[in-house]
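The structure comes first, and the notes follow by topic.

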Amino acid sequence: MKATSSSTDLNIDWLFIGGARVSPRSAERITVTSPNTSAVIGSVPHSGVEDVDAAVGAARAAFDDPEGWTKWAPARRARAMRRFADSIERRVPEFARRISSQNGMPLTTALATDGRTPVDVLRLFADFADQLVDDEERRSFTGGRTVVRRLPLGVVGAIVPWNFPQTLAVFKYAPALAVGCTVVLKPSPETVLDAALLAEAAEEADLPAGVFNIVPGGPETGKHLVSHPDVDKIAFTGSTEAGRSIGEACGRLMRPVTLELGGKSAAIVLDDADLAEAAGDGRLAKATMGNNGQTCHLSTRVLLPRSRYDEMVDVFAELAGSLVVGDSLDPATQVGPMVTSRHRDRVESYIAMGHAEGARLVAGGARPDRRGWFVRPTVFADVSNASTIAREEIFGPVLSLIPYDGVEEAVRIANDSRYGLAGTVWTSDPERGLDVAKQIVTGGVGLNGFRPDPASPLGGTKDSGLGSEMGPESMAHYQRFQSIYL
Ligand code: NAD
């Protein structure tokens, strides 16, 4: 059956490979269930080894075409990218609906972020493409001249998770397309219906055949893509565990790889912070529990000054208790369900761990009385930074409040983590906040909120990954250099 944007049960029987809808080689299918109701809401083909081979083959042929995408002037590629952005823009409400109905992201969040971000990021990188300089002549150190060339790396395998499926995909394919690479995107099995919509948008944008291909599938599909001999670069976002094994495989193959992995970021709340205001206007919930806690950069370890500890614990307890938990497609919902029952069980196991480790529960802790994979926003106070709930990524709406004495101690606790992705500082004094932010060893820090900026790089350090995404800097991860000494 052909996919239609309006149907509630989407059964799609094609893969987007080589610029067209093709029949899958594999007979396996992925069934998608609603985290709100556990009802089946659609299915798509599961890409097998032969489907990945076909997609990589198409991407390779497009890359090697002597008159093709790679050889186009950057401004011509930029025009195609803007067409792609336009065709995604026409579908933003449907993207948001599909994302929300699969992973539990509140619809309002999906409309404002994941459903919309690809439009803005593609246009931004089209602008960057317009400014690309392929060959640059320099005076050489030895007195002669050198031509420095920036060349597209080749076929990019892009592997993304389910939590922000469209955003994390465009962070890879926008810089890759801008510099002239071709792409095989592997979405996560939990979020394949929005990937099918992306295929429709790419088809409408009339990108040259093979420049952009999509192979929905699980880890085995991903593994085949990672080690495929015709792939030149891997861009991955997901768990640290999977990232480590992909990094190992790429190391053996000498294949360039960027890894955006897990996080356990800290919010340092300074003693002059106006937390009530941040709670009132939504910034605090967004930075600590946004997308139901299913966001990599959330500040889930909240460090509170002992001088205002009790009062600030109350702010978090009240905030967590006030958030509207409900069906992700309901516009009133602020916290939707966990993506799967398995993930809900995992989040609940951490809540049990918090109790066992002696933390004090001040909000949530139980399931709401409704169908679906819901967890109430949960806050533990008096948490030790050495405890499991403060060290491991939970990826759900569960906060650990940790008291500190003095800013030096707060910075030490913030940096005492195997992760190094993000963080926030909360203060009424921006200069003081900037000074503290500079001491946090992570890829990005927000002041009085967390608003990632697609025009600036963000990437993790330590177990949070290698390399960075976004910003014009990210294009270098899809390029190789050649110097010609004249
Ligand atoms: P995951 O690692 O289980 O899966 C991510 C993707 O990789 C999926 O498409 C999956 O099918 C594929 N995959 C898994 N194992 C693979 C392997 N060995 N080889 C190739 N592909 C493989 O992660 P998830 O549960 O889908 O996502 C949640 C994780 O993603 C969290 O840890 C979160 O912090 C992280 N994340 C990081 C960022 C960031 O920018 N740093 C952003 C969002 C999510």
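The centres of domain 1 and domain 2, taken over C-alpha atoms, are separated by 31 Å, and the contact between them (heavy atoms within 4.5 Å) takes 24 residues from domain 1 and 29 residues from domain 2. Domain 1 covers 10-261 + 464-485 and domain 2 covers 266-453, with bounds that come from an automatic or database domain assignment. This is a predicted model, in which local features need pLDDT of at least 70 and side-chain atom pairs count only at pLDDT 80 or more, while totals for chains, interfaces and linings use all residues. Residues are numbered from 1 along each chain as its sequence is written, and side-chain values use heavy atoms, with hydrogens and water left out.

**Interface between the domains**

- About 2100 Å² is buried between domain 1 and domain 2, with carbon and sulfur atoms giving 57% of that area; buried area here is the accessible area (1.4 Å probe) that two parts lose on being put together, summed over both.
- Of the area that domain 1 buries against domain 2, 27% is supplied by Asn-36, Trp-162 and Ser-464, more than by any other three residues.
- Eleven residue pairs, both members at pLDDT 80 or more, are in polar contact between the two domains, a polar contact being a pair of N or O atoms within 3.5 Å where, within protein, one must be able to donate a hydrogen and the other to accept it, and where residues adjacent in sequence count only if both atoms are side-chain atoms.

**Salt bridges**

- The count by this rule comes to 33 salt bridges.
- Glu-204 and Arg-91 meet through their side chains in a salt bridge at 3.0 Å, N to O; Glu-204 is partly exposed at a relative accessible area of 40%, whereas Arg-91 is buried at 14% (buried means under 20% relative accessible area, exposed over 50%, partly exposed in between, with a 1.4 Å probe and protein chains only).
- Glu-311 forms a salt bridge with Arg-308, with the closest N and O atoms 2.7 Å apart, and Glu-311 counts as partly exposed at 42% relative accessibility.
- Asp-345 and Arg-344 form a salt bridge at 3.5 Å, N to O, in which Asp-345 is partly exposed at 41% and Arg-344 is buried at 7%.

Terms used
Salt bridge = Lys/Arg side-chain N within 4 Å of Asp/Glu carboxyl O.
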